[in-house]
Structures are given as C-alpha cells and as structure tokens.
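Please look through the sequence and the model below, then read the notes by topic.

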Amino acid sequence: MATTMEQAFQWPTETRAFCAELPFTPQTILFERGEGVRLFDAQGRRYLDALSGVFVTCFGYGYQPIVTALTEQIQNITFNPPLHGTNRAAIQLAQGLVDLAPAEITSVKLLSGGSEAVESAVRLSRLFHAMRGKPTKQKILSNYQSYHGSTYGALALTGHPAVGIFGNGMPAVVHTWPPEAVAAQRGLTPKDAAEQAAALVERTIEAESPDSIAAMIVEPISGVRSMEVPDPFYFHRLREICDRHDILLVFDEIVTGFGRVGHHFAAQHFGVTPDLLCAGKGLSGGYAPLAALLISERVAEPFRTPDGPMAFGTTHTYSGNPLAASAGLAAVAAFATGGFLPRIQHLSVTLQAMLRRTVAERGTVNGLGLLQGITFPDPNGTNPGDLIEQACLRRGMIVRGMGPTLMIAPAYIIDDSEIDEICGILGDAIDEVLGNAS
C-alpha cells in the first residue's frame, strides 16, 4: 500500500523543457536530498549510493567542511573576471593539487569538467610542440575501447563505434588496442598482453611517423574495459616509447584520480609519471563542477612568465571559479589531512573480498581501491550488468551497469557495515537475475 507521502507526491506537470541525460522511464528518480551515503527521493524513499553519484561524491552528502567553505565563499565573491585576474582559492587549490601529485607535476590549469580537461590536454600538447619548432606533431593516439568525455574532441578520442552517431570526429586521432583487449583476443597473461599492446603502440607510431604525433592519452583503469587493471609494464613501456619519440604521455584520471584507487593518483600506483594528467569527478567532492589539468615542469616551462607562473589560454568562463575552487580546496584539505588513503586501502580489501564471496563463480571482480567492476558471462547478449543494476535499484541501491559489467564505487566515508549492506543487496540482485551460487 502506498504511503501518504507517495500518494501526495506528483511529478511536475510539464517536463518538456527539461532535456534529460536519458529518456524518462518509470524508474526515473526525482532526488530531493542526500545525507552521508544515502539519497532520498521526492517520495521519501531512500537509496544507498554505492556509486558515489558517478564516481564523484567521495565524501558523501552533507560533508560539513566543504559546505562551510562554500557558505563562506558565497558571502565574499562568487565570480571573478577570468580575463583580468583570479582568486585566492584557485591559487591555493592549484598548489594543493601539486602537493598531492607526483613530484614532476608543477602546474595546474583549473577547469569545470573532465571533457574540458581532456581537450585542454590535446590543445596544450599540440601547442607545446609548435612552440618548440615541431608544428607537424598534431596527431593524438588513444586506445580503442576507451572513454574520454562527451564533447566533440573527447568523443573522437573515445575508441568505440557508438560515438559514430554524432558524425565524423575530430581529425588526427589514431587508435590502438589496449592490453585488456589484446589479452582477450589472444588468450595472453596480463604481462604478455602488456608487452604486445605496447609493441603495437610503437608500431603504430612508426607507421604514422613520430614527427606527426603530439601525444598519447590512456586511462589507467577503464570502466569500458570492466575495470581490469593492466600490468604496470604497459605504462612503463609507454613512458619509454613516448620519451624516445618525443611524444607527450597523458593520463586520463578523471575517474581514477584523487584517491579513488587507494593512491592520490593511479600514476603513483603504477609508478609512472605522465607529462599531463587529467583529474576531475571527485575533485570537489561533488559540491561544484570542477576538473583540472595537471602539468609536468617539462611542459610548463616554455609557458612560464618571467616571474614564474604558467599561462595557457584560451580559457573557459568558469575556469578557476571562486565557488568551485573553494569547494575543491576544502576537499583537498580534507583528503590530505583526514587519513583517507589508509582508510580507502583498508576498505578496498574488505570490499573486494566480500564482492568475490558474493559473486562466487558467477562473475569476475576487478579493480583497485574503491573502484570495483564485476563482469558477468554474457553469451546471449542479455547485458546482465544492466539487469543487476535495475534489480539493485528496486532494492534501494545505486550502482552502474554497463552491458556485462557492474560498477561499484562507494564514498570514502563508507564503513564496514555499509559494505555488508552493499554486498547483501547485490547478492539478492544477482540471485534474482542469474540464480543462486552453487
């Protein structure tokens, strides 16, 4: 029987003005508020958010240090003319990110979203070579089966046929196969697949001509590829290959950065420092649109002014916005001093072990830190990950299905009892869709 609140609730009578991310269905939720790792809809139903929104709300909902920072900032200045100056929070945030990053990273360009960060990396890569007398270095290498964002240039880097619906992509993009795909195609171990995938990259560079290639962009761990963790050898070889051919190495860490994999950035887990690193998602804890392009000194140096700061245009209207920067600064301060890395590392061990027990022989668990993917066999193309997502949602838990894969990425504030709850709901949903484990 419907509750009084459910009976009283009504969607707005007119929704045609709103362009939704996905088509409206009976499952479309009107969210009203959040608290900790819980969301509440307009009917009063609560949901356990086991996805951190979409890898974003890493401190949960209502995290007071960030709320306080935003409240104070909104009373002072909410926007500054970006062509004439900046603000203290933006300058301090840039330094805070440099302090978290590998030592070779010395500069930061603040942006509003991951796609902006990726496209800024492309622009900066091409400009860097042009300033050094190598204007023919224009092409960007990317992996098939990747995802780099939803704007025109970022979609072109995404090596997936589904993006073809938008027409011809940005020119001068060349794709090569990632190690996970090579392993699946050839039945190789992760190390052998890493070696062969890196060899394919070098052969592609030679075929295209090193003098034509500006950069290679890779995701350290990709949701499109089931959160499989490549052998570190792949990234070390890419670093050697890019150095040998004067090509910039770019890590797209929009998802994996800012502690999600149990390190400040996945680059530190793999022991490889890229020339450019794209960060976003949880960078503000989900309290404001915020992303960043982290820049190595090698790339920054030609753009430095005589007194030291780096300048790289053109800018975006909301780059370094005071509100977004204050949220990011509070998030970085909390992350840097709150003991979150050891906490993430502890929780990830618990989460992965419990996920493996829950899934049993019905699927494969991959991932690092609080970024986990479960891949289910799908011989008949039924997309079990999507079906299990829907079954979880009916039980009041938010996860993400993507074909045969299910993604789980809870907030850093989650505790062991909430991990128990995640796995309990997940187990019931898998039982519903795939049957009980034997």
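Is Ser226 buried or exposed? In this predicted model, Ser226 is buried, because its relative accessible area is 12%, and the cut-off for buried is under 20%.

**Confidence of the model**

- The average pLDDT of the protein is 94, and 98% of the residues reach a score of at least 70.
- Residues 1–7 have a pLDDT below 50. Beyond near neighbours in sequence, this stretch makes 6 contacts in the model.

**Surroundings of Ser226**

- Ser226 sits in the loop that runs between strand 7 (213–218) and helix 9 (232–244).
- Leaving aside residues up to four places away in sequence, Ser226 is in contact with Asn366, Gly373, Thr375 and Thr405.

**Aromatic pairs**

- The model has 15 aromatic pairs.
- One of them joins Phe59 and Tyr412 in an edge-to-face arrangement, with 6.1 Å from centre to centre and 80° between the planes. The arrangement is called edge-to-face because angles over 60 degrees count as such.
- This pair links distant parts of the chain, 353 residues apart. Phe59 belongs to the loop between helix 2 (52–55) and helix 3 (64–74), whereas Tyr412 belongs to the loop between strand 15 (405–408) and helix 15 (416–434).
- Phe59 is buried, with a relative accessible area of 1%. Tyr412 is buried, and its relative accessible area is 1%.
- Tyr412 also pairs with Phe335, and here the rings are tilted: the centres are 6.3 Å apart and the planes are at 45°.
- Phe335 lies in helix 12 (residues 322–337) and Tyr412 in the loop between strand 15 and helix 15, so this pair ties together parts 77 residues apart in sequence. Both Phe335 and Tyr412 are buried.
- Ring pairs join Phe59, Tyr63, Phe258, Phe335, Phe340 and Tyr412 in a cluster.

**Charges over rings**

- Arg33 is placed over the face of Phe40, 4.0 Å from the ring centre.
- Lys191 is placed over the face of Phe233, 5.0 Å from the ring centre.

**Cysteines**

- How many disulfides does the model have? The count is 0.
- Cys58 takes part in no disulfide, and the nearest cysteine sulfur, which belongs to Cys278, is 18 Å away.
- Cys58 is buried, with a relative accessible area of 1%.
- Cys278 is likewise in no disulfide; for this residue the nearest cysteine sulfur is that of Cys242, 14 Å away.
- Cys278 is buried, with a relative accessible area of 0%.

- Strand 1 (residues 31–35) pairs with strand 2 (residues 38–41) in the antiparallel sense, over 4 bridges.
- Phe31 has Asp41 of strand 2 opposite.
- The hairpin has 2 residues between the strands, and in this hairpin Gly36 adopts a positive phi near 65°.
- Side chains in a regular strand alternate between the two faces of the sheet.

Technical notes
Residues are numbered from 1 along each chain as its sequence is written. Side-chain values use heavy atoms; hydrogens and water are left out. Rings of Phe, Tyr and Trp (its six-membered ring) pair if their centres lie within 6.5 Å; planes under 30 degrees apart count as stacked, over 60 as edge-to-face and the rest as tilted. Buried means under 20% relative accessible area, exposed over 50%, partly exposed in between (1.4 Å probe, protein chains only). A charge sits over a ring if NZ of Lys or CZ of Arg is within 6 Å of the ring centre and within 35 degrees of the ring normal. A disulfide is a pair of cysteine sulfur atoms within 2.5 Å. Two strands pair if DSSP finds at least two bridges between them. pLDDT is the predictor's confidence in each residue, from 0 to 100. Contact means heavy atoms within 4.5 Å.
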